[in-house]
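Morning, everyone. Please have a look at the model on the screen, and then I'll take you through two parts of it.

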Amino acid sequence: MKDWLDDATAWLDANAPRRASVAEVEWGEGSDAVAVFRNLPAAAERAHIDALRAWQRKKFDAGYGAIAWPTDVGGAGLTPAHANAFAVLEAGYATPESHEAFTISMELVGPTILTCGTPEQQQRYVPPLRRADEMWCQLFSEPSAGSDLAALATSAVRDGDTWVLNGQKVWTSGAQYADFGYIQTRTDPSAPKHAGMTAFLVPMDAPGVEVRPLRQMSGGSSFNEVFLTDVRVPDADRLGDVGGGWGVALTTLGFERMAASEGGEGGESDPVDRLVALSRHLGRAQDGVVRQQLAAAWTARTVHALTLERAAQAHKAGGVPGPEGSLGKLGKTRELQLTAAAAANVLGPRLGADSGEWGTYAWSEFVSGLPGFRIAGGTDEIQRNIIGERVLGLPREPR
């Protein structure tokens, strides 16, 4: 692998500047964003996603955009260890920060199609997805279903070789930027709820698809409502068996929890490192309570990183993520909660009043975005149920 890493380093040196280390970052320089979810004006968000897509295309064309993916779908056919090693290298360069709409395409929908799709679907959809020529969204949540995905009501009725979809989805991240959506529907209302679901791949510009952005309390509009009225989808774009949607959904949720466990995408640096710098800047770093809070947040971050490393080691041979994704997601939530509590204590009134001072009021987006992170990818309560039942072997909750 050494020669491959040397080539990858040379390619990164030729295509991106080195990222400044924490020690080299000066307080007050650059962006002070620490938002859990990126909150940008529509034009700025579009420009950011376009920059991400351009970087992904450059990586893909050089052989670094789908390192551990099969060669027959445009991948390099190397191991997860190669992909992890490149990710570590890339983190040392100033490249476009991630975005949830991009993560959904690359880390949720793409792996799901590769795992559950037909060879024809894999050939059609995976290469342009990995090259970022086409973006995807995930159409799961519904207004009346809450966190119970199996309670969905969006219907799909067969009409010859096509299906007619009607219903409403909500909290759909990145739908306004997506070319396609991966949707879960109800195809058999008479079957037990987990057995009557079927998944489909839907063009977002199909007649009858309407996207309405939702304004969040943190200021952004990354979530959307999506309405489907007599949307026709060919049976060839059914993902998995009729009635097999729940199994497909579990595959996606495993990937989602692993992705969510890596955290939000709104900041330019690690929130814990930024919080330590903030405490020093405001002269609070020697306060006993603040020091305890900083130590707790740093410890949670370290434990979470070790948990992710264990999961990565377990998946070096490939495979679908299991319940360990819930451990990672819950650990990340704990880290962010401790960081938010410490930031509120350090800042006091500065957290709620925008004085224009660099690095202070920006934390309001972090604190107000945290509740959304606790819901995204499955609530904290759902993660604890999964850990209790599937990891610890405790009795299932009464249904």
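**A pocket and a helix pair**

Start with the second largest pocket: its lining is Val276, Ser279, Arg280, Ala285, Arg291, Leu294, Ala295 and Trp298. A pocket here is an open set of points on a 1 Å grid over the protein atoms alone, where a 1.4 Å probe fits, with protein on both sides within 12 Å along at least five of seven lines; lining residues have an atom within 4 Å of a point. This is a predicted model, where local features need pLDDT of at least 70, side-chain atom pairs count only at pLDDT 80 or more, and totals for chains, interfaces and linings use all residues. Residues are numbered from 1 along each chain as its sequence is written, and side-chain values use heavy atoms, without hydrogens or water.

The pocket holds about 160 Å³ of space, counted as the space filled by probe spheres set on the points. Which helix gives the most to the lining? That is α8, with four residues.

Now the helix pair. Helix α4 (residues 100-116) packs with helix α5 (residues 119-130). Helices are DSSP runs (H or I, at least four residues), numbered from the N terminus. The angle is about 165°, and the axes are 9 Å apart. So α4 and α5 are roughly antiparallel, the term for angles over 145 degrees.

Who makes the contact (heavy atoms within 4.5 Å)? From α4, Ser105, Met106, Val109, Gly110, Ile113 and Leu114. From α5, Gln121, Gln122, Tyr125, Val126, Leu129 and Arg130.

Notes:
Axes are lines fitted to C-alpha atoms, for helices over the stretch in contact, and angles run from 0 to 180 degrees between N-to-C directions. Helices (H or I, at least four residues) and strands (E, at least two) are DSSP runs, numbered from the N terminus. Angles under 35 degrees count as roughly parallel, over 145 as roughly antiparallel, 65 to 115 as roughly perpendicular and the rest as oblique. Contact means heavy atoms within 4.5 Å.
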